[in-house]
Amino acid sequence: MTIPVTMLGSWPGTDFAATQRMLLGELPELSHLVELPARGAGSGMIGRTGALLAGLSLDLQPAGWRLVDHPGVDVRRARADWRRDLDQLEEQAQGFTGALVVSLAGPWTLAASVEKPRGDKVLADHGARRDLAGALAEGAADALAEVARRIPEASVRLQLDEPLLPQVLAGKVSTASGFGRHRTVHAPEASEALRLVESTVRARLVDAQPEGAAYRSVLHCCAEGVDVDLVLGAGFDDLSIDVRHLSGAARDRLGPRLEQGNGLWLGIARTDQVDQVPRPDRLCDAALAAVQPFELGSVLADRLVLTPACGLAGWSPRAALGLLRSLREAAGLLAERLAD
């Protein structure tokens, strides 16, 4: 019995080829197409995802990313970086037979981060946020299908990053002026947009998996207050959360879902304490304390992935690698204790 370990996409440094090669070796079961925000705005979560939108273009303004009629220089550069990254990924991942996760910003984090052409967030406009979700769905499906074509032996998976989803649902996203808040997005609309992205990608990838491999998707939210039922009800197979936000209410909702086959990516290593690598036994204790209330015993090992709480772009490369290795040791310890 083994429990997989993975990172969550972002990593320190600027050398894509070397970093990707290292991570594929360190995480042979469940790795990521690495995201390197230190290369510039177009390599961050919003910029890289914005470069992949189908039929929509962005430009980087002083206030952030904005929808425009024609792609700006920064998004053109981001698209070029994406193409080079895929070329290098194809070279580095020859023979890789594990799962490869591609992380992109989700529709609600995008809507709360990107401005309309004449100002204010896309979140303020019902039609604009619907169009953005549609563009993301098609762009994500195209992007992941190309990854699957280039690396046919790997099982390609989607990870949607939605750090702002709880704020969107609670009406806590600030307007452009900073003096107001955008209206609450109700759960049915939020679920519809998430389902559109998840189902569009799934439809493109389910037949592209290697023989015997099943497609899975995960939604990652490192913020407090994620709605378990909304996320898993929108079609995602797995939920990725910070262990500190695994409340009693969240456990109550997750328990039946885990029994039914959904998975939990548990962020047991804090990332806000930069370059501080916990000992494996402490990480194991934290994970065990979090999952014991589910009372699923060894069955849980098939539903569980251990991760950092969030991305590691702010860490030093050496410490980030040390954290992954500590997590791998912790996963071995946890598997033994769950088996007992």
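User: Over how many bridges do β1 and strand β4 pair?

Analyst: This is a predicted model. In it, Leu 30 of β1 (30–32) stands opposite Ala 99 in β4. The two strands pair in the parallel sense, with β4 covering residues 99–105, and the number of bridges is three.

User: What is the order of the strands in the open sheet?

Analyst: The sheet has seven strands with parallel pairing. Its edge strands are β1 and β9 (304–308), each of which pairs on one side only. Neighbouring strands are turned by 30° against each other on average, direction ignored. The order is β1-β4-β5-β6-β7-β8-β9.

User: Which residue of β5 is the bridge partner of Ala 105?

Analyst: β4 and β5 run parallel and are joined by seven bridges. On another side of the pairing, β5 is joined to strand β6 (residues 217–221) over four bridges, also in the parallel sense, and there Leu 158 stands opposite Ser 217. For Ala 105, the bridge partner in β5 is Asp 161.

User: At about what angle does helix α5 run to β4?

Analyst: Helix α5 (residues 126–150) lies across β4 and β5 (155–161). Another helix on the sheet is α11 (residues 317–339), which touches β8 (263–269) and β9 and makes about 150° with the direction of β9. For α5 and β4, the angle is about 155°.

User: Are α5 and α7 roughly parallel or roughly antiparallel to each other?

Analyst: α5 packs against helix α7 (residues 187–205) at an angle of about 20°, with the axes 8 Å apart. The contact has 13 nonpolar, three polar and five charged residues, and the crossing is right-handed. Angles under 35 degrees count as roughly parallel, therefore α5 and α7 are roughly parallel.

User: How does α10 lie relative to α11, and why?

Analyst: Helix α10 (residues 280–291) and α11 pack at an angle of about 50°, with their axes 8 Å apart. That angle is the reason why α10, relative to α11, is oblique.

User: How many nonpolar residues are in the contact of α10 with α11?

Analyst: From α10, the residues in this contact include Leu 283, Ala 287 and Leu 288, and those they meet in α11 include Ala 330, Leu 333 and Leu 334. The helices cross in the right-handed sense. By class, one residue of the contact is polar and four are charged, while the number of nonpolar residues is 11.

User: Is Thr 271 buried or exposed?

Analyst: Thr 271 is found in the loop between β8 and α10. Leaving aside its neighbours within four places in sequence, Thr 271 is in contact with Pro 308, Ala 309, Cys 310, Gly 311, Leu 312 and Trp 315. The cut-off for buried is under 20% relative accessible area. Thr 271 has 14%, so this residue is buried.

Definitions and conventions: Residues are numbered from 1 along each chain as its sequence is written. This is a predicted model: local features need pLDDT of at least 70, side-chain atom pairs count only at pLDDT 80 or more; totals for chains, interfaces and linings use all residues. Side-chain values use heavy atoms; hydrogens and water are left out. Two strands pair if DSSP finds at least two bridges between them. Axes are lines fitted to C-alpha atoms, for helices over the stretch in contact, and angles run from 0 to 180 degrees between N-to-C directions. Contact means heavy atoms within 4.5 Å. Angles under 35 degrees count as roughly parallel, over 145 as roughly antiparallel, 65 to 115 as roughly perpendicular and the rest as oblique. A crossing is left-handed if the near helix is turned anticlockwise from the far one by less than a right angle, and right-handed if clockwise. Ala, Val, Leu, Ile, Met, Phe, Trp, Tyr, Cys and Pro count as nonpolar, Asp, Glu, Lys and Arg as charged, and the others, Gly among them, as polar. Buried means under 20% relative accessible area, exposed over 50%, partly exposed in between (1.4 Å probe, protein chains only).
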